[in-house]
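Here are my notes on the two-chain model you sent. Please read them with the structure open.

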Amino acid sequence: MRIRAERDDLVDVLSRAGRAVGARAALPILQGLLIEVSGKTMRVTGTDLDVTVRTELEVEVLSGGTTVAPARLATEAVRKLPPGAVTFQAEAGEIEISGGGPVFRFREFSAADYPKLSEPVLKAAVAVDGAAFADAIGQVSVAASTDDARPVLTGVFFEAEGGKLRMVSTDSYRLAVRDVPAVEASLSGLVPVRALKELTRTVSAGKLRVAVGDREAAFASDRGVLTARLIEGSFPNYRSLIPASYPNRLRIARQALLEAIDRASLVAEDHIPIRITLQKGGIELSVTRQDVGGETEHVEAEYSGEEMTIAFNSKYLNDGVSAIDEDTIVLDVLDPLKPGVLRGGEGDDFLYLLMPVRL
Amino acid sequence: MGPMNRPRTFAERIAHVDMDAFFVEVERLRRPDLKGRAVVVGGAGPRSVVASASYEARRYGVHSAMPMIQARRLCPHLVVVVPDHAEYQAVSAEVFSVFAEFTPLVEAVSVDEAFLDIAGLRRHAATPAEVGERIRRTIRLRLGLPSSVGLGTTKLVAKMASRDAKPDGLLLVAAGGEIEYLHRKPVRALWGVGEATHARLEEIGVVTIGDLAALPRDALIRRLGGALGGHLADLAAGIDPRPVAPGEETRSISVEETYDTDLSDLGRMRRELLAQADRLAARLHHERLLAATVHLKVRYGDFTTVTRSHTFSAPVATARDLYRTTLALLERTDAAVRPVRLLGIGASGLVAADAPRQLVLTEGAWVEVERAIANVRDRFGHSAVDRASLTGEGGDDGRLPGSP
């Protein structure tokens with residue numbers, strides 16, 4: 001196998017595929033990138049068996065073939081060469097990377113040892129706008145858990161809902177639901193949030209195709225394909241968690257609320273909740289920490305409902321308010337022990353539900 | 001303002017109070033026939049260890065943590081009493097209420113020992129030793145239990161002094177005399193010196209704390225790493241700025257069990273852990289506490305011990321949460337491939353259940369069920385309610401009944 005390509009193009013395809021290669025791979029071979037050259041194309045694959053990224057590049061093919069190169073070394077070697085054309089070849093157990101004078105040589109992994117990965121299934125894929133999808137992932141991923149003890153909660157649940165693609169996540173303290181316009185969505189599955197966070201750095205582009213199959217989710221663009229093994233298990237019945245009606249509604253300026261939370265958070269670390277007293281004309285926001293001190297302030301807002309005091313974890317509250325990209329925020333509450341629901345004053349495509357802290 | 005020659009606080013402001021052979025002495029209160037005899041408290045199984053040994057038993061070389069078989073061999077007429085931890089907890093609470101009458105600055109180390117900051121008692125007693133004797137006398141008069149007190153300028157010195165004061169005595173290491181006192185002690189007596197560190201120090205000829213203090217700090221840090229090396233260098237130089245930290249009466253609660261024969265069946269291990277999670281949850285409920293962190297302890301057949309822990313984003317108390325987490329931790333051990341001798345679950349990062357508490361979206365049903373179970377247990381004892389999977393063998397896939 002022997003190809004020639006521009007240094008920067010080569011770094012791009014190698015490093016994006018390399019993002020799926022784990023720092024501590026379970027098998028030595030998984031520290032490698034699979035490189036397949038045929039026709040005019042070089043295909044690069046990186047995987048940790050849960051997440052796989054495939055990229056490809058049109059190159060000058062001097063001879064075709066397949067090799068597995070050490071991911072980090074090969075990528076960094078190409079990156080450190082002088083700008084211009086780079087020659088990449090594999091022969092007799094050795095990988096040679098050269099350009100502009102310097103020559104790197106690395107031991108080749110045996111391509112026969114590389115795991116057989118199933119081809120991405122994109123038949124039933126739906127098309128979405130890449131930028132909007134990336135925003136949506138940013139909004140729902142904050143509520144996903146990073147706690148491996150409960151794998152189901154480390155996923156984002158995808159499902160079709162009224163002609164839209166719906167994504168839901170929860171760490172059992174808060175829940176985020178986001179709908180994305182999509183054509184003919186018909187899919188369902190739990191996609192690891194870790195894989196979704198890699199999308200923008202690997203294959204996300206203006207147009208993205210999304211497919212969720214029985215075992216894998218696939219995301220494809222002209223920059224490549226990311227596949228992720230679905231998390232097994234059933235996602236909590238989130239619909240039953242969302243209250244049907246709210247007698248008490250607050251409308252408040254997002255920026256003013258964020259600034260107030262930021263001030264309160266100075267004191268509110270370590271699970272100390274922020275107390276919010278909802279009353280006509282606005283909210284009284286306060287935080288008190290034993291042995292330290294506290295902060296209080298009034299933020300003007302519209303409130304209709306019963307006067308009450310409810311407390312939230314400052315980080316969870318901040319995550320939710322930050323995720324809503326509108327000038328006005330709506331907070332609906334039932335009582336101080338029931339979930340509060342945050343959403344935008346205008347849009348109805350995002351909802352963030354959070355459980356209060358019992359005082 | 002007092003006279004010039006009377007400082008307002010004691011230099012030797014830290015008292016370490018340690019109950020003597022606590023479990024044994026509590027048993028002797030209920031069973032006077034045990035007085036004067038070689039007695040240990042410990043389990044009855046073939047693999048039990050000694051939890052507490054009377055001084056009569058210690059004369060035969062019996063000490064706590066020793067396998068019961070060995071203890072019986074050393075002392076054939078040994079009387080073995082099965083532990084009653086509920087009783088020890090209750091008596092411990094009375095001991096701590098004595099401490100609280102002297103000072104609010106009490107830091108519990110375990111059920112039977114604590115550090116007290118007695119600096120504020122200057123106006124009530126002439127010397128620290130007088131305070132120490134009054135504490136000992138009060139415990140003796142009110143509870144009938146012997147205790148020992150160590151007094152010094154730092155926690156390290158006070159702790160070592162109480163050990164030297166035993167049994168039923170008091171030792172004050174005067175300010176200025178700490179270095180001389182410390183340097184005669186074996187290095188093993190320092191906190192932070194376990195077996196591995198001890199071996200590394202022995203290799204370079206360090207036997208006493210004095211030897212350690214003679215080493216250049218840099219050399220120690222190079223040998224043991226920055227954190228431990230620096231810490232030990234400080235301790236050896238008598239530097240121990242840690243204050244008595246009250247308000248942490250209960251730092252952790254744990255349950256564990258050594259099995260008569262090694263376990264190699266994962267299903268059995270899961271059932272054991274389910275039972276332990278249940279007991280731990282019951283104790284948390286009883287103490288009105290929530291746990292931020294859960295620990296799993298696994299000792300393999302060859303005595304090597306590993307622990308794994310997990311910290312929750314919000315503290316928990318239900319057996320379900322403890323159990324589910326413990327199962328995940330078990331997967332991070334070699335329990336599937338190595339025989340297991342001991343299993344244990346611990347809870348730490350304990351906070352009061354009535355402290356502000358993050359509510360959970362899906363908890364509703366489960367918390368109510370477990371609270372109901374705990375209330376039944378409080379009234380009727382632990383065996384009144386058991387989970388279905390604990391009452392029979394087989395059929396247990398490691399999940400709680402009713403879990404999704």
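1. Which residue in β13(B) does V357(A) stand opposite? V357(A) faces Q358(B). Keep in mind that this is a predicted model. The strands concerned are β27 of chain A, residues 357–358, and β13(B). They pair in the antiparallel sense, over 2 bridges.

2. Now the interface as a whole. On the chain B side, 14 residues are in contact with 20 residues of chain A. The area buried between the two chains is about 1,700 Å². Carbon and sulfur atoms give 59% of that area. In chain B, the most area is lost to chain A by Q358(B), L359(B) and L361(B). Together these three account for 42% of what the chain B side buries.

3. What does chain B bring to the contact? At least two residues each come from β11 (305–316), α13 (319–330) and β13 (357–358) of chain B. The largest share belongs to β11(B), with 3 residues. By class, the side of chain B that touches chain A has 8 nonpolar, 4 polar and 2 charged residues.

4. How many salt bridges and polar contacts cross the interface? The rule finds 0 salt bridges between chain B and chain A. It finds 2 residue pairs in polar contact, both at pLDDT 80 or more.

5. Over all chains, the salt-bridge count comes to 46. One of them joins the side chains of E56(A) and R43(A), at 3.6 Å from N to O. E56(A) lies in strand β4 and R43(A) in strand β3 of chain A, so this pair ties together parts that are 13 residues apart in sequence. Side chains of opposite charge can pair when their charged atoms come close.

6. Strands β3 and β4 also belong to a sheet of chain A. That open sheet has 8 strands, in the order β6-β2-β3-β4-β17-β16-β15-β10, with antiparallel pairing. At its edges stand β6 (65–70) and β10 (126–129) of chain A, each with a single partner strand, so one side of each is left without a neighbour in the sheet. From one strand to the next, the twist averages 20°.

7. Two helices lie across strands of the chain A sheet. Helix α2, residues 71–80, lies across β2 and β6 of chain A. Its angle to β6(A) is about 95°.

8. Chain B has an open sheet of 5 strands, in the order β5-β6-β1-β7-β8, with mixed pairing. Its edge strands are β5 and β8 (170–172) of chain B, each pairing on one side only. Neighbouring strands are turned by 15° against each other on average, direction ignored. Helix α4 of chain B, residues 85–102, packs on this sheet and touches β1 (14–19), β5 and β6. The direction of α4 makes about 155° with that of β5(B).

9. Last, the β5–β6 pair of chain B. A hairpin joins β5(B) to β6(B) through 2 residues. The strands, residues 106–110 and 113–117, run antiparallel and are joined by 4 bridges. In β6(B), A114(B) is the bridge partner of A108(B), and L116(B) is that of V106(B).

Methods: Residues numbered from 1 in each chain as written. Chains lettered and ligands numbered in written order. Predicted model: local features only at pLDDT ≥ 70, side-chain atom pairs only at ≥ 80, totals over all residues. Heavy atoms only, no water. Pairing = 2+ DSSP bridges. Axes fitted to C-alpha atoms, helices over the stretch in contact; angles between N-to-C directions. Contact = heavy atoms within 4.5 Å. Buried area = accessible area lost by both parts, 1.4 Å probe. Salt bridge = Lys/Arg side-chain N within 4 Å of Asp/Glu carboxyl O. Polar contact = N/O pair within 3.5 Å; in protein donor to acceptor, adjacent residues only side chain to side chain. Nonpolar A, V, L, I, M, F, W, Y, C, P; charged D, E, K, R; others polar.
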